[in-house]
Amino acid sequence: MTSTVTTTVTTTASSLWWQPMTFANNECKGFRIGALQLYLQRQAKQWLIATDTIHDDEKVPLQQHNLEMLPGHLQPQRYMFTKSPNVCRLVPQLLDRPVVVKTLQPVRIPPGERATFYISSPVCIGVVLPASEVLKSELILTDIAVQRLSDTWFGPSTQIGELCYADKTHARHSKGELKVRPHRAITPVHIHNLSEQMLAMDKISIPVPYLTLYGDLDGSLWTDSLTIQHKSLLSLASFKIDKLDITKPQTSTLLSPPRKTAEKHSLIRAFTDMLSD
Amino acid sequence: MSESILTWLQHEQLRNVLLASLSVILGFLIASLGARAVERVFKANFSQHHIVLFKRLVYWLVLALFIASALNQLGFSLSVILGAAGVLSVALGFASQTSASNIISGLFLIGEKPFQLGDTIKVGNTTGEVLSIDLLSVKLRTFDNLFVRIPNESLIKSEVTNLTRFPIRRFDLKLGVAYKENIRQVRELLLKTADNNPLSLDEPAPVFMFLGFGDSSLDIQFSVWAKRENFRELRNTLQEDIKLAFDAAGIEIPFPQRSVILTQVNEK
């Protein structure tokens, strides 16, 4: 049997798309987030989740569609309940491994100079049912990567190092040039070249599992910023994560905490090779 | 009735038997508890292989002490038993040189640590996951779910390949293309195919090697790195991608051809 999909409404979703949504019985919604097409349907005793991939991911901001039913060609995951909860949230999360990004053009930082780059990385979308009368505590149904990045190895040799994801960046240095993309989180990276030589940078490792993710009012995603002080090619780059001060009033809201907490020494070891010359 | 039971219990030999039995049971209990305690203590700092070894050592040592105590309780002289065991072990040693050789090889294997429990190794034509490393032999489970026991002596003598020692592995694909093909175009196509495959590591970058001019093809080696766990999947998907890409670009993969000439024999 082939099912027909009827799109009744197509809207650009609210900028705060991570807010809870209420689903009526049998209500079905589709979300387009970057290259990911996500479908959710609530039925009396189950939640259905299906995903699909789109190739043209850059042009469209997050969209929401109301559907009559899930597309017939997809095989949904079923989550069974005695009585299905009616509230659902989409929670963006940073990836589980560091992302090594290559700059599209070679970047040079002269001795003594500072530079700030805004580097984005794709996120995962967690489908979460918040705590309610039916559920005692919050329940994460699934965690889906918006974009499948290629694997890469980051380390001094094929024996020592760690597996990361590979991506490319424009390494933009002005906030004004940044596009609002709901499927990518922006990490501000401050680099201070304290050495006496020109610092050449063609790739950089962003330790996203150690960063906190925040959502802005315009729907853009931001992480904690990184500060790297480069002293010489032979020495360790001193590195720190600048946490956002959440006690001060601001427009950002905390969306997901870091996946991993690093010990002080392990963090230094992990990012010894952060900059490549 | 009760008096007769009491008299029976007071009998010295019976009491010794009871105490010896109790000692053996207690030995089993303490040995088990000791082995578990060893596992808990060493879990954080030692490999699974060493934990299993320590556990066995503690278990059998504790049990041996209690059994010796039980034998002593039953009236056996330990010095005589140990002497007999010594003589027996020398006799057994001469009689079972292979086993002794396996035990010594096993000690070398334990010290050298070429592989650990859970690793996948290749010995000769056998490839499998290491289930246990014992004093006499190493037990493997092959990918078609067969149990293989390899004597330690054979392992020491032969070449052993540990397939899961390092986190990443390289897949070397050897292929040939027809002489008419543009080798630069082939190179770009292969690199692009690897770049599009998410299982292929970006760094270390794929390597294209032009091996030479073969009998019927331009011989190429294309080496791509993958995460250890994804190696088999990469090998399948990459070869499939390359075949599809070659078909789409009209690049020919030649194969040896044979001309068969049929002749008609005229019957007279």
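Author: A salt bridge is a side-chain nitrogen of Lys or Arg within 4 Å of a carboxyl oxygen of Asp or Glu, and by that rule two salt bridges are found across the interface of chain A and chain B. This is a predicted model, in which local features need pLDDT of at least 70 and side-chain atom pairs count only at pLDDT 80 or more, while totals for chains, interfaces and linings use all residues. Residues are numbered from 1 along each chain as its sequence is written, chains are lettered from A and ligands numbered from 1 in the order in which they are written, and side-chain values use heavy atoms, with hydrogens and water left out.

Reader: Which residue of chain A forms a salt bridge with D202(B)?

Author: The partner of D202(B) is K102(A), with the closest N and O atoms 3.3 Å apart.

Reader: How many residues does the contact take from chain A and from chain B, and how much area is buried between them?

Author: Contact means heavy atoms within 4.5 Å, and here 13 residues come from chain A and 14 residues from chain B. Buried area is the accessible area (1.4 Å probe) that two parts lose on being put together, summed over both; between chain A and chain B this is about 1200 Å², of which carbon and sulfur atoms give 59%. Of the area that chain A buries against chain B, 38% is supplied by D151(A), W153(A) and T158(A), more than by any other three residues.

Reader: Where does the domain assignment place the domains of chain B?

Author: Domain bounds come from an automatic or database domain assignment, which for chain B gives domain 1 (2–95), domain 2 (111–162) and domain 3 (168–249). The centres of domain 1 and domain 2 of chain B, taken over C-alpha atoms, are separated by 31 Å, and their contact takes six residues from each of these two domains.

Reader: What area do domain 1 of chain B and domain 2 of chain B bury between them, and which three residues of domain 1 supply 70% of its share?

Author: Domain 1 and domain 2 of chain B bury about 490 Å² between them, with 64% of it on carbon and sulfur atoms. H49(B), H50(B) and R56(B) supply that 70% of the area that domain 1 buries against domain 2, more than any other three residues.

Reader: How many salt bridges are counted between domain 1 of chain B and domain 2 of chain B?

Author: The count is one salt bridge. R56(B) also forms a salt bridge with D134(B), where the closest N and O atoms are 2.5 Å apart.
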